[in-house]
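This briefing is intended for reading alongside the sequence and the model. Please keep both in view while following the topics below.

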There are 2 protein chains.
Amino acid sequence: MIASVAATSRDAGDVFVALADPTRRKMIEQLSVLGPVTITQLTEVFPISRQAVTKHLDTLSDAGLVDTERRGRERIVTFRPEPLHEAIDWVAAIEARWDRRLAALAQFLAAEANDRQPSTEPTQEGISS
Amino acid sequence: MIASVAATSRDAGDVFVALADPTRRKMIEQLSVLGPVTITQLTEVFPISRQAVTKHLDTLSDAGLVDTERRGRERIVTFRPEPLHEAIDWVAAIEARWDRRLAALAQFLAAEANDRQPSTEPTQEGISS
DNA sequence: GGGATATGCAACTCGTATGTTGCATTTATG
DNA sequence: CATAAATGCAACATACGAGTTGCATATCCC
């Protein structure tokens, strides 16, 4: 099951890059409320040129966060929330590792307090150089 | 309740900026597994100079994702997962808005299908220009 | 004390992200 | 059909991020 990886081969990092810019975050906020809008309509909301908006949309598109569709002479931009899960998954994995490490450390300390022969050492308490 | 805002006044955007760089994400992954390490120890893991590592740590520190503490001639770097929640909260808020909008749209369409007098319109179906 | 180790500070290069402006192209419309 | 509207394409300016190197400072250890 290779599924869930788009054809244009995005990267989880692309989502973070897309979210790193405040203007793009505001764009996503707008799109999540307004629903599908035109590039020109979206430009009216921001104090930057239409071309700047288009570039931001390109970045959001690379991250899979927006989907565009030509309709006559205008282009409809639609928000796509799915890639946000990739970001959340990464964050969740980090927190899981951290919690696991803390648990292992707590267990190690408890074992050391009871006994003087710790059988199960935590993965690593810092690097032993 | 102004609480939970650090003294150095971070921004939720700082977290996204910190996570936007692949090297910094790998640093966080390392820190979440290794636990507190020295700058020099952390540098040994990456193919970049110590100064480059320090700059990344500064960015992570600005985001509140790491905490450093001087110990003798060395500096101990510790991972701080708390700010990650700010990022998750932002994402969750966006998804909530989107879902709310979809629900309102579905309700609107259902009402229009049954009756010809939609009483409760969705917030907005695109911009009516 | 003196050398080795760990870090801090500053200047510099290089690439690219952000934004602009000008012009061309396509489509809708009176 | 002629014009306005919406967008695409390309060149340009500017700022900042990522990384490097050189040197200074502080601390540990023999």
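Which of the 20 residues around DNA strand D come nearest? In this predicted model, they are A:Thr40, A:Glu74, B:Ser49, B:Gly72 and B:Arg73.

**Surface near DNA strand D**

- By class, the surface near DNA strand D holds 10 polar, 7 charged and 3 nonpolar residues.

**Surface near DNA strand C**

- Around DNA strand C there are 20 residues, of which A:Ser49, A:Gly72, A:Arg73, B:Thr40 and B:Glu74 come nearest.
- The elements that contribute two or more residues here are helix 4 (50-62) of chain A and, from chain B, helix 3 (39-45), helix 4 (50-62) and strand 3.
- The largest share of the surface near DNA strand C comes from helix 4 of chain A, which supplies 5 residues.
- The residues of this surface divide into 7 charged, 10 polar and 3 nonpolar.

**Sheet of chain B**

- Chain B contains an open sheet of 3 strands in the order 1-3-2, and the pairing is antiparallel.
- Strand 1 (37-38) and strand 2 (66-71) of chain B are the edge strands, each of which pairs on one side only.
- In general, the strands of a sheet pair through backbone hydrogen bonds, in either a parallel or an antiparallel sense.

**Strand pairs and hairpin in chain B**

- Strand 1 of chain B pairs with strand 3 (residues 74-79) of chain B in the antiparallel sense over 2 bridges.
- Opposite B:Ile76 in strand 3 of chain B stands B:Thr38.
- The antiparallel pairing of strand 2 of chain B with strand 3 of chain B extends over 6 bridges.
- B:Val66 has B:Phe79, in strand 3 of chain B, as its bridge partner.
- The hairpin formed by strand 2 and strand 3 of chain B has 2 residues between the strands, and B:Gly72 in this hairpin takes a positive phi near 65 degrees.
- B:Gly72 is also among the residues that come nearest to DNA strand D.

Key
Residues are numbered from 1 along each chain as its sequence is written. Chains are lettered from A and ligands numbered from 1 in the order in which they are written. This is a predicted model: local features need pLDDT of at least 70, side-chain atom pairs count only at pLDDT 80 or more; totals for chains, interfaces and linings use all residues. Two strands pair if DSSP finds at least two bridges between them. Helices (H or I, at least four residues) and strands (E, at least two) are DSSP runs, numbered from the N terminus. A residue is near a molecule or strand if its C-beta atom, placed from the backbone, lies within 6 Å of it. Ala, Val, Leu, Ile, Met, Phe, Trp, Tyr, Cys and Pro count as nonpolar, Asp, Glu, Lys and Arg as charged, and the others, Gly among them, as polar.
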